[in-house]
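Me: Hi! Could you walk me through this structure while I have it open?

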Amino acid sequence: MYRERPSTIAGATLWRSDGGGSTVILPDGCIDVLWWNGRLVVAGPDERAHASESDPESLTLGIRFAPGTAPGLLGLPAHALTNERVELSELWERDTVQRIDAELRGSGSRTTARRFEELVAGELRTPEARRARQARELAASVARGLSVSDIALRTGYSERQLHRRSREDFGYGLSTLARVLRLQRALPGLSSTATLAEVAATAGYADQAHLSREVRSLSGFTPTQLRAAKSSTELPSGSRTIA
């Protein structure tokens, strides 16, 4: 069973999944800090679907940071984590990670998620406010469908500067971020009875063929296959994970 709620950490979601097995993680521009298979791991922003295996009897906990949120809190550029799963001990002091690990192993199952959130929050950095605001504004501009050239005109940055900042904040350039966010906009429609043409129009694709090409490129599934896979899970509409 999958559950989530807004985290006490601004711009993040706390989630847990009881039980494991094989899953496919779809690109969403997010970075997660995970308690996964008994390990503390950071999952970077993906450019493509990522297959994951977990113990069927295990508990997985995660703090999912919205696009552009995690780099300032974790203290490293997002592109250092793109398409990667990195042990938290490679980013934080080993003693700190061992302490968090020991506390999680000693927590009861009903309090583990809350304690996980508290322990991670206690080690996060305070991000530079101006940079965090600019990252949120960039993500919002991309989500609204503005082109890179339009964003450059609005911000006063050159397209080269925007590409560098985007890789630092999101893990990839703005064009890739736009594709990822558009896929996420399409997922609720793929969990509904809407036609694929309606899903394409609502999510911002040129047409159904464009939707099909992009979904296959980013997820490895056709829209019809993805719709069938999502409808067979307990995960909420629009979730980045499918069984």
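Reply: Happy to! Let's start at a hairpin: β4 and β5 have 2 residues between the strands, and Asn37 there takes a positive phi near 55°. Strands here are DSSP runs of E with at least two residues, helices are runs of H or I with at least four, and both are numbered from the N terminus. This is a predicted model, in which local features need pLDDT of at least 70 and side-chain atom pairs count only at pLDDT 80 or more, while totals for chains, interfaces and linings use all residues. Residues are numbered from 1 along each chain as its sequence is written, and side-chain values use heavy atoms, with hydrogens and water left out.

Me: Where does Asn37 sit, and is Asn37 buried, exposed or partly exposed?
Reply: Asn37 is in the loop between β4 and β5. It is partly exposed, with a relative accessible area of 32%. Buried means under 20%, exposed over 50%, and partly exposed in between, using a 1.4 Å probe and protein chains only.

Me: Why remark on that phi?
Reply: Because most residues other than glycine have a negative phi. Asn37 is not a glycine, yet its phi is positive, about 55°. Asn83 is also not a glycine and has a positive phi of about 65°; Asn83 lies in the loop between α1 (70-74) and β8 (85-87).

Me: Back to β4. How many of its residues are buried?
Reply: 6 of the 6 residues in β4 (residues 31-36) are buried. In a regular strand the side chains alternate between the two faces of the sheet. Here both faces are covered: Ile31, Val33 and Trp35 are buried on one side, and Asp32, Leu34 and Trp36 on the other.

Me: Which strands does β4 pair with?
Reply: β4 pairs with β7 (residues 59-65) in the antiparallel sense over 5 bridges. Another 5 bridges join β4 to β5 (residues 39-43), also antiparallel. Pairing requires that DSSP finds at least two bridges between the strands. As for individual partners, Val33 is bridged to Ile63 in β7, and Leu34 stands opposite Val41 in β5.

Me: What about Leu40?
Reply: Leu40 lies in β5 and is buried, at 5% relative accessible area. Leaving aside neighbours within four places in sequence, its contacts (heavy atoms within 4.5 Å) include Leu34, Trp35, Val86, Leu88 and Phe116. Its C-alpha atom is 32 Å from that of Glu214, 174 residues apart along the chain.

Me: Switching topic: is Asp169 buried or exposed?
Reply: Asp169 is buried, with a relative accessible area of 6%. You'll find Asp169 in helix α6 (residues 159-170). Beyond its neighbours within four places in sequence, Asp169 is in contact with Gly68, Pro71, Ala78, Arg131 and Ala135.

Me: And the whole chain? What's its radius of gyration?
Reply: The protein chain has 18 Å, which agrees with the value near 18 Å for a compact globule of 243 residues. That radius is taken over C-alpha atoms, and the globule rule is 2.2 Å times the number of residues to the power 0.38. The C-alpha atoms fill a box of roughly 50 × 45 × 25 Å along the principal axes.

Me: How many helices and strands are there?
Reply: The protein chain has 10 helices and 9 strands. Buried residues make up 47% of its 243 residues. Of the contacts with a separation of 6 or more, 67% are between residues 24 or more positions apart.
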